[in-house]
Amino acid sequence: MRRRELLLATAATLATPATAFGSAPTEGDVLLDLMRREQSAKLAYGAAAKTLGSQAPLELVTIRRHESDHADALSTELAAVGLGRPLKPPLTGTARELAEASDRRAVLEAAVKLEDELVDAYRTSLVLLPDAKIAMTAATILASHAQHRFILGVAAGRPGS
Amino acid sequence: MVTTRRALLAAGAGTLIAGCGPPDEHVASRQDVLDEQLRVTNESVAAGAPRARARARKLQAAGAKAPPGTGPSGLEHAYDAEAAALASYVQAVGASRPDRGLLGELVADAAASQAELARRLELDPLPTAFPGEPK
């Protein structure tokens, strides 16, 4: 289990999230991967909002709160399959890019990319999660990230995202 | 939201355990679930939601069948129809595992559509962390 968790944490940083799972993962593996993504996103949005200060788009605050709500929901689902909430992961990949972005444009570019990855991860998870209710929860979080991606895309000057 | 008998059956199908219901109880088939998703999507098309037509085509390509939508059109109606469609797709994720790949695409697109329409209506485009959550 420990080795698989480490592999999944590494997989989360891959450029092609849809292929993050090499072999059939367990329900707990999938939920842990999603949880780490949410935890990383929350940290990254927090860092970006702090960097931009009063220049930060209001959406960043809302989206950070949503990521926190998603993590809480996933924590409930993890408990349902007998797992606890993992420790906050180190920031890697796009989450790190977002956390280290130094201006509004770079923040929005990284945020759109991060939400793109989250949409892909949740779409993949729907196929992998056997429990109907857990899959429905994942579907609502997928919807949330699709909305984040759209709104951030508009803020980044990409209408029709 | 989801108001037809078929929709309610489809929504509940995911929680049913085969063989546990009364002998004549209807369990929504995969086809029923897809047909219901096309029905609600066609309502979005009729209401004028710009993205809905492409979703309807995807559902038809997957074998779904439903009559054209008959509801009123306009921005507010489109917003409401997309909200209903999104809620229906989320329910369908619970009802039909084989179609979750397609349903995931529909969920993501309807959610973005809802946010887009909310902006045009000057409503909050991100009102909840769980869009489409069953009420």
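**Figure 1. Packing of α2(A) against α5(A) in the predicted model.** In this predicted model, helix α2 (residues 27-52) of chain A and α5(A) have axes that come within 11 Å and cross at roughly 165°. The two helices α2(A) and α5(A) are therefore roughly antiparallel to each other, an angle over 145 degrees being counted in that way. The crossing of α2(A) past α5(A) is left-handed. From α2(A), the contact draws on A:V30, A:L34, A:R37, A:A41, A:A44, A:A48 and A:L52. From α5(A), the contact draws on A:R104, A:V107, A:L114, A:L118, A:A121, A:Y122, A:S125 and A:L128. By class, the residues of this contact of α2(A) with α5(A) are 12 nonpolar, one polar and two charged.

**Figure 2. Packing of α2(A) against α4(A).** Helix α4 (residues 93-100) of chain A packs with α2(A) at an angle of about 15°, and the axes are 7 Å apart. That angle makes α2(A) roughly parallel to α4(A), since angles under 35 degrees count as roughly parallel. α2(A) passes α4(A) in a left-handed crossing. On the α2(A) side, A:S40, A:A41, A:L43, A:A44, A:A47 and A:A48 take part. On the α4(A) side, these residues meet A:A95, A:L98 and A:A99. The contact of α2(A) with α4(A) has eight nonpolar residues, one polar residue and no charged residue. A:A41, A:A44 and A:A48 of α2(A) are among the residues in contact with α4(A), and they are also among those that α2(A) brings to its contact with α5(A).

**Figure 3. Helix α3(A) and its buried residues.** At 1.5 Å a residue, the 23 residues of α3(A) should span 33 Å, and the end C-alpha atoms of α3(A) are 34 Å apart, which agrees. The buried residues in α3(A) are A:L60, A:I63, A:R64, A:H66, A:E67, A:H70, A:A71, A:A73, A:L74, A:E77 and A:L78. They pack against α2 and α6 of chain A. Just after α3(A), A:G82 has a positive phi of about 85°.

**Figure 4. Packing of α3(A) against α6(A).** The axes of α3(A) and α6(A) come within 11 Å, with a crossing angle of roughly 165°. That makes α3(A) roughly antiparallel to α6(A). The crossing of α3(A) past α6(A) is left-handed. α3(A) contributes A:E59, A:I63, A:H66, A:H70, A:A73 and A:E77 to the contact. α6(A) contributes A:I134, A:T137, A:I141, A:S144, A:H148, A:I151, A:L152 and A:A155. Seven nonpolar, five polar and two charged residues make up the contact of α3(A) with α6(A).

**Figure 5. The contact between chain A and chain B.** Chain A and chain B bring 23 residues each to the contact. On the side of chain A that touches chain B, α3 (58-80), α5 (104-128) and α6 (132-155) of chain A each supply at least two residues. α6(A) gives the most to this side of chain A, with 14 residues. The residues on the side of chain A that touches chain B divide into 13 nonpolar, six polar and four charged.

Figure 6. Chain B has five helices and zero strands, and from the N terminus on its elements run α-α-α-α-α. Of the 135 residues in chain B, 50% are buried. Contacts in chain B between residues at least 6 apart in sequence join residues at least 24 apart in 72% of cases. Helix α2 (residues 30-47) of chain B has 18 residues, which at 1.5 Å a residue should span 26 Å; the end C-alpha atoms of α2(B) are 26 Å apart, which agrees. α2(B) is mostly covered, with 14 of its 18 residues buried. Just after α2(B), B:G48 has a positive phi of about 100°.

**Figure 7. Backbone at B:E122.** B:E122 lies in the segment after α5 (100-120) of chain B. Most residues other than glycine have a negative phi. B:E122 is not a glycine, yet has a positive phi of about 60°. B:E122 counts as exposed because it has 7 C-beta neighbours inside 10 Å, the cut-off for an exposed residue being 12 or fewer.

Methods
Residues are numbered from 1 along each chain as its sequence is written. Chains are lettered from A and ligands numbered from 1 in the order in which they are written. This is a predicted model: local features need pLDDT of at least 70, side-chain atom pairs count only at pLDDT 80 or more; totals for chains, interfaces and linings use all residues. Two residues are in contact if their C-beta atoms, placed from the backbone, lie within 7 Å. Helices (H or I, at least four residues) and strands (E, at least two) are DSSP runs, numbered from the N terminus. Ala, Val, Leu, Ile, Met, Phe, Trp, Tyr, Cys and Pro count as nonpolar, Asp, Glu, Lys and Arg as charged, and the others, Gly among them, as polar. Axes are lines fitted to C-alpha atoms, for helices over the stretch in contact, and angles run from 0 to 180 degrees between N-to-C directions. Angles under 35 degrees count as roughly parallel, over 145 as roughly antiparallel, 65 to 115 as roughly perpendicular and the rest as oblique. A crossing is left-handed if the near helix is turned anticlockwise from the far one by less than a right angle, and right-handed if clockwise. The expected span of a helix is 1.5 Å times one less than its number of residues. A residue is buried if 20 or more other C-beta atoms lie within 10 Å of its own, exposed if 12 or fewer, and partly exposed in between; C-beta atoms are placed from the backbone.
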